[in-house]
Amino acid sequence: MKKVFITGACGFIGSHLVEYLLKKRIKVVAYDLYNSNNNWGWLENNKNDKNLSVLLGNISDLKSVESSAKNCDTIIHLASLIGIPYSYNAPSSYINTNIIGTYNILEAALRLKMKNVLVTSTSEVYGEQKYIPIDEKHPVEASSPYASTKIAADNLALSYFKSFNLPVKIIRPFNVFGPRQSSRGLIPNVILQILNKNKEIKVGNLYPKRDYTYVEDTCEAIYKIAKLSDKFNGEVFNIGSNKTYSVREIINLIKKLTKSNKKIKINSIRVRPKKSEVDILKCNNLKIRRSCNWKNKHSFKKGLIKTIIWLQENKDKFKSKIYNI
Ligand SMILES: NC(=O)c1ccc[n+]([C@@H]2O[C@H](COP(=O)([O-])OP(=O)(O)OC[C@H]3O[C@@H](n4cnc5c(N)ncnc54)[C@H](O)[C@@H]3O)[C@@H](O)[C@H]2O)c1
């Protein structure tokens, strides 16, 4: 792994992954959505790193992806539209970015004879649990337009392995959290509501349980899978902690850590439609632990404390009117 092309590199996980690889002195071509200000998102502080080049384009454009990824040996594809609520309003954007975009990555990788391709999926593809904890053999079932586009992208990637021998692996993170996450994510959203002047903490359903991994641990997992190169082509890897917390437990823990006594209020516009809600996503991470020797270094509490401190210092980077989650 000498030169890595990362899509979605200016976003939350992408920017941490870029910095993680740069620390290992790996060259990175960071690719993200074009904007007329040439804004590098969360990579703005890395402008002087000589091992980093940033290219802006759109993964919906094969020509742009192919020309940008040339001379790289590995692709880590993170770019995606990720908000579940927004996928109810704009499903065709999700189809374009998440399905057509992934097709363009796979096709470019094939044409460029890429040695190693990682496609990022999500635990949301598992839908309502048939059994827990969820291993990689658990059936997939789309509960939202977002999940359906990620299932399609995963299947396309696996078909490129079976049909054209493209050296592709699917990484399936459960929930990820940490500094720089969008304020649509539950954890930054609740912390920002506490730090802002809101009287109450407004959220959707309190009972769903999720499995959270601190973003630096997710980056290490992605790096370890990428390093295995040909050994696990055509395979899927879950990344998670094997522990779950309900929305209510998370809010109470954040309240305790921030010494907040704000009341929780259910806001109907934040509640997912009943059939679209997924009650529990608990990871079985045995495969990545055994095959890549990976495990979480941050406990949930330690990760939360780091995230709270970061948000206290960077609150002004987020709009005070918090988006619906
Ligand atoms: N954050 C989580 O909890 C989580 C959990 C499971 C899976 N994932 C997956 O991880 C990946 C990264 O998620 P994230 O949380 O960092 O999201 P993010 O929104 O912070 O980052 C996504 C990046 O992709 C870029 N992007 C979107 N459309 C693009 C396009 N058409 N062309 C080029 N770039 C485009 C965005 O500008 C953004 O920088 C996604 O594939 C997501 O599905 C995230």
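Select helix H5 (145-164) to begin: with three residues, H5 contributes the most to the lining of the largest cavity. Helices (H or I, at least four residues) and strands (E, at least two) are DSSP runs numbered from the N terminus. A cavity here is a set of points, on a 1 Å grid over the protein atoms alone, where a 1.4 Å probe fits but cannot get out, and its lining residues have an atom within 4 Å of a point. The model you have open is predicted, so local features need pLDDT of at least 70 and side-chain atom pairs count only at pLDDT 80 or more, while totals for chains, interfaces and linings use all residues. Residues are numbered from 1 along each chain as its sequence is written, and side-chain values use heavy atoms, with hydrogens and water left out.

The space inside is about 50 Å³, a volume being the space filled by probe spheres set on the points, which are joined across faces, edges and corners. The count of cavities of 30 Å³ or more is one.

Stay with H4 and pick Ile 95, which is found in this helix. Ile 95 is partly exposed, because its relative accessibility is 40% and that class lies between buried (under 20% relative accessible area) and exposed (over 50%), with a 1.4 Å probe and protein chains only.

Now for some backbone stops. Go to the loop between E5 and H5, where Pro 133 has its place, and look at the peptide bond from Ile 132 to Pro 133: it is cis, with omega near -5°. Most residues other than glycine have a negative phi, and most peptide bonds are trans.

Move on to Arg 180, in the loop between strand E7 (175-177) and helix H6 (186-195). Its phi is positive, near 80°, and Arg 180 is buried, with a relative accessible area of 14%.

Finish at Asn 242, between strand E11 (236-239) and strand E12 (245-246). Phi of Asn 242 is also a positive value, near 70°. Is Asn 242 buried or partly exposed? At 24% relative accessibility, Asn 242 counts as partly exposed.

How values were computed: 1 Å grid on protein atoms, 1.4 Å probe; cavity = no way out; pocket = protein on both sides within 12 Å on 5 of 7 lines; lining within 4 Å.
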